[in-house]
Amino acid sequence: MEQETNQFVQAIVIASDPTQGTLHRQAIEYLSTIQQNAGETWRLALNVFVEATPQGSRKHPAQARFFALRVLDEFLESKYETPEPEAFQALQQTFLSYVSSEYIFGSAEANAPFLRNKFSHTLALLFLATYIDQWPTFFPDLFALMRPAESSSQTPFNAHVSILFFHVVLEISGEVADQIVKSARTWTNERHARDARVRDAVRERDAAHINQAVLTIVADNAARVGKLRKDGVDGRELNEAVEVIDLGMRAFGSYVGWVDINLTVTAVTVPLLFSLLSDPSLPIRVATSISLLRIVSKGLKEPSDKLQLIKVLSLDQVLKALEEKTRAEHDSRKSQGAEDEGEESYREALGKLLNTLGIELIKLLEDSIPETVRVEAEQLLQRTLPTMLQFMADEYDDTCSTVFPMLQAMFGHYKKMRKAAPEPLDPDKRTFLSSLLGVILQKMKWDEDTDADDMDEDDRAAFEVLRKDLRSFMDAVLAIDQDLVVEAIRSRALETLSMYRSGASVSWTDAELAVYLIYIYGEINKGMLFTGTKGRGAFVQAPAVPKEKRKEVNYSEFPLTLHGELVFALIESHITMHPHQMVVMQAFEAIARYTDFFKVRKECIIPVLEAMVGPRGLRNIDKTTRSRVFYLFHKFIKECRNEIPLDLAGKLINSVRDVLTIQVELPESDAGEPESPLVQLADAAAVPDPQLYIFEAVGALISLFWKAEEQPTIMLSVVRPLLDELQQDMQAVKGIQDVLPIVKMHHVVMALGNIAKGFPDFPSPVPEGYVFSCMPIFREIAQAIITSLEAMKFFKVVRDASRFAFTRILATTGHAVTDLIPPLMVNLLAEFEPSELVDFLNFLNLLVHRLQGDLFGVLDDLFTPLSVHISGLMSQPVTGTDDALSRGETKRTYITFLANMLSSKLQGVYLSNRNKDQFEQVLQSMLRIAEDYSDPQSQKIAFTFLSKSVPVWSSLPDTTATPNGDMAPSQGLPGYERFIYDNVVPLVFRVLASPEFNIKDGQVLVILQEIANLLQAIGRARKQEAHEFFLSVFLPSQNWPADTALDFTTKMRDLDTKAFRKYFTDFVRASRSSP
């Protein structure tokens, strides 16, 4: 075996050194084989772990011995039945001998402490495999090793073996009772049953002895620690005793949940636990609090037993005293500048203990619990509430949040109580809720020391989560007592704003909280049982006014609601002048949220916009803040545009001209890794440009001058600098290396598109006498974009920007730029990348929707080459997940485009001389997609296409006479009805019958409704002919009973669309469920 052992050890050494190249890979493969065959190699591993030198030290390196234990673990973890007797005896004797030599007479792996933990896990696995039938004396054997010879030690227990014993208990509890540990293991029936048998056997045989040993060792070491501290002894001996107590309490806490409570809670254990709960050692205190938590949360059958347990522990009094003590100690340390996060973890542990106590008491308040228990539990709960509030008010958010589950459970109980008996809240509960609101508002404040300019994003996110949780508690109080919440917000917000307005010093945290409360008041208002809280009605006490008459009403005559008072106070206080940026930004957020207020108090618009365009807003030196204000300014202008007078609109445009200068910042590349120009272009264009919001806002302001002669002049004053910039940048580009001017062109074109976006959509139908005075300017913009695209079509960023801008210009100008679409298409397709296909198809969909018949010539030229290109792309082998997702998106966008052509009366494109050869392939591809169950989204769109095609190409001739007496010509396609009858209808019923068509899937249910539309479309297009086809030809061929076929076809003909969808869905479900 020596040679095999040496090979094993050498392989581990090589596997630990990646520089060994081929040998490293071979060593890993060899060791993997060793571990996978642990049933044969465990003896080798056992020998490597325990083998000693003649001097008594371990022969093999620590990493080799650690891997040996992994092999033994692999062998033992699969043992849900007892091992072979020979294997058990070898392991038992070897391990006991090892413990004796290493833990009693040796150094207890002092040179490799990690081996102690690993060995305790392996020993626990051996226990699990053998305790029931082979090693019932496991614990007595271990206890025997714990007591050294009287002459060898001053303590009755060997510290090293005691620590091993505690580790083993922890491991056993984790494996058989800890749900977190168990969930990390592969679940099997065998393992589950074995764990249950082990728990039962331990309870029956050794639970009392284990508990006695744990508590005896802990008590002995506690007395020893006390004596050492009294004698002033410090160092290794004291630390060793503290470690024993810490581990002992953790071991105790690990099993209290699954052994008899009468063992763990006695007249001896309770005083010991409370003495340790106040021990100077932090680890001992935290471990003890966790043990008490598990005792309190232990499930007991009788509610009266749980109440008695809580009363015996008297934790409400203990925790009250400890909370006061630790809070005073914290305040003292803080005043001396010596805060201790470790000690705060103890307060956190106490908070969790109180939280558990509260939850258990709330459980005892359920209706099913005897009244005597409920009354006493309610009294105990009331005694814990002040302490709970103190923990919730802790300045450390982690400690504060420990009691949140208790609070949630309590509000759940309050809600049930009020639902069962909606009586007025008793004074004690109302007083508590009032105090709770005070704590909530205090905890909603930012820390005074927070540096907004140097704040960690994780810290910001954590505080936002805390605020969200606190908001949920405020909402819970609102559901119980609205007046409490409203008054708390009103007084806090109005008092703070009043102080600031009067010139008093207001801290930024108080100011920000006041504005934040106004910001969230709208959401709170929605939760209250008031009416008229939407739109203008949220801010003034006005009667309901029909929407069409609201412009005639002077809302300034009506008194403000509380919500209106809050927003008015915010504006009147000039809080946007506060020196702290976070206060200003919160104010801007609130202003942009409540734009309806400015429709009832229009005099507030000017001060708000003055603040936004000032140095704290659009011109803020902080880029992130400035970018956010760009959006908020745009949102305010967009929603209040009809309230802005022309003179103010003109002043605003002039005031932001300097902000309209295009700003470009190229992303920084990694040091030492210069990026190619193409990558730089892609990265720069991918960064969202918040400046675009300003251009859209300016477009909205210019649009207000639609009746004024100066509108074109104002428009040109904004657009001309951009067009000049576009020309200069185009001339500056000499090659692909000129990244900056190319990116500038991208930004300029995007800006021009966003100016168009600020204008309302072109009216349809066009009112009589309608004149759009800026139309020539938009044509000039569109022409300039095409010119720049023609020159720079090689760059994807320019193509993307051109599509973006034209999309918006088209919405603003309607059909006026239709003649520019062909040159736009030519240049967009000249340098086309596969990644642009979806965006291009979406662009086409928009053009089809906007221009309809005017786009016929463009689509007639484009349809066949586009279809051939997409067919070729789809026929290529899929190269990976990303490619599969991309192709799926392309397919869905393409068939949506095909369906939209039918909706927009462009069906002639399919049958033109250029494209008629492609038409058959389109139809066949639709049939294939409609029967592809792997992609239900595309399947649905394919059925949509077929539904739309039926009335377009297979309607019977219209027999309605024209005014001159002639018959209207048919719009159908001769022979298309045969395609429907011979191909589409059989396809429909194949799909419905397929086991892959899972009607329980929500996406499939949508397909089912589209199929219903298709069937009705066929019936309506072919009328009686279709009725006869289904009733007399097709359904009988599918072996339908005559009465079922008659009922189905009649419903398909006579029911409206909604009713037939429901009938059809129910019919398919019923047919699927029948045998």
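The following questions and answers concern a predicted model of a protein. Local features require pLDDT of at least 70 and side-chain atom pairs count only at pLDDT 80 or more, while totals for chains, interfaces and linings use all residues. Residues are numbered from 1 along each chain as its sequence is written, and side-chain values use heavy atoms, with hydrogens and water left out.

User: How many helices and strands are there in the protein?
Analyst: Helices (H or I, at least four residues) and strands (E, at least two) are taken as DSSP runs, numbered from the N terminus. On that basis the protein has 48 helices and zero strands.

User: Why is the protein described as more spread out than a compact globule?
Analyst: The radius of gyration is taken over C-alpha atoms, and the globule rule is 2.2 Å times the number of residues to the power 0.38. The C-alpha trace spans about 125 × 80 × 70 Å along its principal axes. For 1075 residues the rule gives 31 Å, and the protein counts as more spread out because its radius of gyration is well over that, at 39 Å.

User: What percentage of the residues of the protein count as buried?
Analyst: Buried means under 20% relative accessible area, exposed over 50%, and partly exposed in between (1.4 Å probe, protein chains only). Of the 1075 residues, the buried share is 49%.

User: What is the span of helix α48 from its first C-alpha to its last?
Analyst: Helix α48 covers residues 1057-1073, which is 17 residues. The expected span of a helix is 1.5 Å times one less than its number of residues, and for α48 the expected value is 24 Å. The span in the model is close to this, at 24 Å.

User: Which helices do the buried residues of α48 pack against?
Analyst: The buried residues of α48 are Phe1060, Tyr1063, Phe1064, Thr1065 and Val1068. With contact meaning heavy atoms within 4.5 Å, these buried residues pack against α44 (976-993), α45 (1002-1022) and α47 (1042-1054).

User: Which backbone oxygen lies 2.8 Å from a polar atom of the side chain of threonine 1065?
Analyst: Threonine 1065 is in helix α48 and counts as buried because its relative accessibility is 7%. Leaving aside residues up to four places away in sequence, threonine 1065 touches Leu1005, Leu1008 and Gln1009. The backbone oxygen at 2.8 Å from its side-chain polar atom belongs to arginine 1061.

User: Is threonine 944 buried or exposed?
Analyst: Threonine 944 is placed in helix α43 (residues 936-953). Its C-alpha atom is separated by 9.4 Å from that of isoleucine 895, 49 residues apart along the chain. Because its relative accessibility is 11%, threonine 944 counts as buried.

User: How is the pair of phenylalanine 88 and tryptophan 135 oriented?
Analyst: Rings of Phe, Tyr and Trp (its six-membered ring) pair if their centres lie within 6.5 Å; planes under 30 degrees apart count as stacked, over 60 as edge-to-face and the rest as tilted. A search of the whole structure finds 58 aromatic pairs. In this one the centres are 6.0 Å apart and the planes stand at 65°, so the pair is edge-to-face.

User: How many residues apart in sequence are the parts that phenylalanine 88 and tryptophan 135 tie together?
Analyst: Both phenylalanine 88 and tryptophan 135 are buried. Phenylalanine 88 lies in helix α5 (residues 85-104), whereas tryptophan 135 lies in the loop between α6 (114-130) and α7 (138-146), so the separation of the parts in sequence is 47 residues.

Key. Polar contact = N/O pair within 3.5 Å; in protein donor to acceptor, adjacent residues only side chain to side chain.
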